[in-house]
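Subject: A structure for you to look at

Hi there,

Here is the structure I promised to pass on to you. Have a look at it first, and then read my notes below with it open beside you.

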Amino acid sequence: MKRETITFMLNSIGDEYIGETEVFRPYSVQGSPERTDHMKKRRIITLLLAAVLMLALGITAYAVWNIHTERQQQLKSDLKIEENNVTSYTEYDVPEEQEGGLVLLSSVNDGQVQHVYVNISPVTKEEAARFPADGSFAWSIAGTEIGGFAAPQLPVELSLSGEEAIRDAVMENAYDEESQTMTLQCYIDVKFLEKAAAELGTEAVPLQVHLIAGENTARSFGPVSLSLTEKQSRHFDFGHAVYHDEELDKDIEIVGLELTPFSAVWKVRYEGAAAFHTPEADWEAYQPWSMLEDKVCIEAKLVFPDGSAFSTSGAMTCPYEDGVVKLNCAWGSAINIEDVQKIILGDLVLWENK
Amino acid sequence: MTDTEIIGLFFERSEQAITELDKKHGSAVARVARNILGNEQDTEECVNDTYLGIWNAIPPHRPSPLRTFVCRIARNLATKKYHSNTAAIRNSQYDLALDELEEVLSNGDSVEERYEAKELGTAINGFLATLNPSDRFLFMRRYWYSDPVKDIAEMAHSTTNSVTVRLFRIREKLRLYLEKEGLLV
């Protein structure tokens with residue numbers, strides 16, 4: 001294909017994809033009627049608690065407390081924590097009288113990343129509206145050089161296109177004008193959290209969150225004390241299961257699967273794997289193996305008691321470590337890892353609950 | 001100023017429209033042009049041509065979202081300039097991105113003489129619909145926005161090595177998709 005033809009093809013890409021990819025949004029999962037029902041029940045419980053607290057607290061303090069608890073329940077529902085018996089989840093006590101600053105809501109450990117959900121306040125409407133064009137958020141561990149990226153937390157079923165749409169969604173869903181509170185998700189690599197704890201010599205580390213709005217505004221919130229949420233995982237050992245791909249005429253050994261409610265690590269071995277996972281790799285020779293790696297992640301099915309099946313989807317990263325290629329996959333809402341009954345790839349049964 | 005207000009200025013034929021457009025979307029437009037053309041002089045010309053194009057297009061158009069519309073015009077103008085003067089503008093990010101795609105899509109015999117332009121447009125959009133959001137982000141940032149891999153890795157909170165490997169997989173998927181659609185043999 002000529003370069004002009006490739007250019008023509010790229011110029012034909014639809015507006016929805018151009019707008020969607022202005023900002024990185026790794027997860028996009030469709031909502032379900034089941035989720036809506038669950039949310040309704042949660043809302044009723046929250047309203048009952050609210051009535052009691054409105055009598056005990058002033059209206060402003062109530063508005064702040066209410067946004068903390070409401071967001072906690074929304075997150076728990078979105079992540080499908082209860083229905084899938086997720087234990088790698090921490091829900092923090094919400095302070096009843098703290099009117100501003102940084103408040104921890106909840107966090108999940110997906111095996112590699114601890115997703116920490118927080119509220120920060122006060123954030124003015126003008127500051128909030130500067131995201132994503134001219135504003136951003138970040139987290140750091142006080143007393144260390146460790147830090148990273150945070151973003152407004154939006155409902156997972158939203159599909160957005162364009163900066164304005166993202167800003168509107170943030171204002172509607174992540175920002176609460178009454179309490180001047182913004183709900184954020186901090187993406188904290190578990191290794192960073194462990195490193196910070198080792199550097200500071202404590203188990204709990206001081207988390208700070210930063211708001212950057214335009215060139216002249218930068219504010220920090222916190223610190224609050226954050227610990228590692230315990231990982232929940234299930235390991236499947238496939239012995240020396242070998243999958244033969246007839247089309248490619250190649251064999252790949254599927255050694256095992258490390259499964260968490262939000263992620264999976266497929267461990268595979270094949271001829272020459274170590275050399276293919278270096279920057280100097282021979283891409284042409286790697287092609288068929290790359291396709292086979294994809295097949296394992298995408299076509300293997302985790303089968304549940306009701307007969308439904310789940311695919312871990314394509315790998316986000318694929319490092320070669322400890323003599324195996326680790327295919328790291330992740331998704332947005334939890335699955336029940338204890339419910340897996342069978343793992344299959346084509347006709348090959350990798351594991352079965354007997 | 002909101003996009004609607006900027007579009008309103010274009011409809012009023014107020015030159016302030018260009019100033020406001022530049023203030024709000026100028027950096028995004030320049031980035032698209034710079035990544036393709038690789039030098040400041042051509043970039044500046046392309047940005048000015050883009051604003052002229054927008055001035056002529058609004059009215060009658062009332063684009064939404066405005067930024068996508070503006071970036072698309074900038075990209076079309078920049079790629080036209082790129083192909084008319086390739087020798088002078090080698091080593092731009094777009095050049096590297098095209099090299100990567102050409103390497104995969106030139107394998108085997110092309111049937112491009114036989115297919116129609118419309119089919120290619122439909123195919124690339126169909127292919128993007130098969131990708132998960134993360135992979136779509138990587139593909140679009142590398143091949144539509146022509147961003148350097150290092151920048152994409154930062155945006156996606158990943159490493160350059162990981163992004164390189166994932167882009168390689170996506171290109172391979174594209175080749176297979178186009179083969180399946182009969183656009184590559």
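Gly143(A) sits in the loop that links strand E4 (135-141) to strand E5 (147-152) of chain A. Strands here are DSSP runs of E with at least two residues, helices are runs of H or I with at least four, and both are numbered from the N terminus. This is a predicted model, in which local features need pLDDT of at least 70, side-chain atom pairs count only at pLDDT 80 or more, and totals for chains, interfaces and linings use all residues. Residues are numbered from 1 along each chain as its sequence is written, while chains are lettered from A and ligands numbered from 1 in the order in which they are written.

(A residue is buried if 20 or more other C-beta atoms lie within 10 Å of its own, exposed if 12 or fewer, and partly exposed in between, with C-beta atoms placed from the backbone.) Beyond its neighbours within four places in sequence, Gly143(A) is in contact with Leu200(A) and Pro206(A); contact means that the C-beta atoms, placed from the backbone, lie within 7 Å. Glu199(A) is 56 residues away from Gly143(A) in sequence, and their C-alpha atoms are 9.0 Å apart in space.

Now for chain A as a whole. It has nine helices and 18 strands, and 37% of its 354 residues are buried. Of the contacts in chain A with a separation of 6 or more, 65% are between residues 24 or more positions apart.

One is an open sheet of five strands, in the order E10-E11-E12-E16-E15 (chain A), with antiparallel pairing; strands pair if DSSP finds at least two bridges between them. Strand E10 (234-245) and strand E15 (320-321) of chain A are at the edges with a single partner strand each, so one side of each has no neighbour in the sheet. Two bridges connect E15(A) with strand E16 (residues 324-330) of chain A, and Glu321(A) is opposite Val324(A) in E16(A).

The other is an open sheet of four strands, ordered E14-E13-E17-E18 (chain A), again with antiparallel pairing. Its edges are strand E14 (309-310) and strand E18 (348-352) of chain A; each has a single partner strand, so one side of each is left without a neighbour in the sheet. Val303(A) faces Ala309(A) in E14(A).

Next, where the chains meet: 42 residues of chain B are in contact with 41 residues of chain A. Helices H4 (66-84), H5 (93-105), H6 (117-130), H7 (133-143) and H9 (160-180) of chain B each give two or more residues to the side that touches chain A. H9(B) has 21 residues, and its buried residues include Val163(B), Leu167(B) and Arg171(B). After H9(B) comes Gly182(B), with a positive phi near 80 degrees.

Finally, a word on confidence. pLDDT is the predictor's confidence in each residue, from 0 to 100. Chain A averages 83, and 85% of its residues score at least 70. Over residues 26-47 of chain A, however, the pLDDT is below 50, and it is under 50 over residues 53-57 of chain A too. Where pLDDT is low, the predicted coordinates should not be read in detail.

Happy exploring!

How values were computed. Contact = placed C-beta atoms within 7 Å. Expected span 1.5 Å × (residues − 1).
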